[in-house]
Amino acid sequence: MLVEGPVDIVTADGTTVRSDRFVVAICTCRRSRAYPWCDTSHRRRRPAGPGPGGRQQPQDGEEEPRP
Ligand code: FES
């Protein structure tokens with residue numbers, strides 16, 4: 001979720017974290033290693049079998065193929 005900054009986020013344990021960026025991505029999937037900030041970990045998916053053209057989806061820990 002993109003929000004306009006600067007923002008103060010209060011986490012579940014009561015810690016307040018701040019970002020001074022103009023726009024900041026907040027993690028809503030809880031997969032981010034930089035939680036509460038989004039680090040694009042939400043893009044990684046489990047394989048759903050071969051898709052159109054027989055292409056496999058990347059598995060956890062693998063990088064997505066580059067175009
Ligand atoms: S929304 Fe969780 S890593 Fe992007």
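User: How many helices and strands are there in the protein?

Analyst: Helices (H or I, at least four residues) and strands (E, at least two) are DSSP runs, numbered from the N terminus. Here the protein has zero helices and four strands, in the sequence pattern β-β-β-β. This is a predicted model: local features need pLDDT of at least 70, side-chain atom pairs count only at pLDDT 80 or more, and totals for chains, interfaces and linings use all residues. Residues are numbered from 1 along each chain as its sequence is written.

User: How many bridges join strand 2 to strand 3?

Analyst: Two strands pair if DSSP finds at least two bridges between them. Strand 2 (residues 7–10) and strand 3 (residues 16–19) run antiparallel and are joined by four bridges. Among them, Asp8 is partnered with Arg18 of strand 3, and Ile9 with Val17. Five residues lie between the strands of this hairpin, where Gly14 takes a positive phi near 90°.

User: What percentage of the residues count as buried?

Analyst: A residue is buried if 20 or more other C-beta atoms, placed from the backbone, lie within 10 Å of its own. Of the 67 residues in this protein, 0% count as buried.

Conventions: A residue is buried if 20 or more other C-beta atoms lie within 10 Å of its own, exposed if 12 or fewer, and partly exposed in between; C-beta atoms are placed from the backbone.
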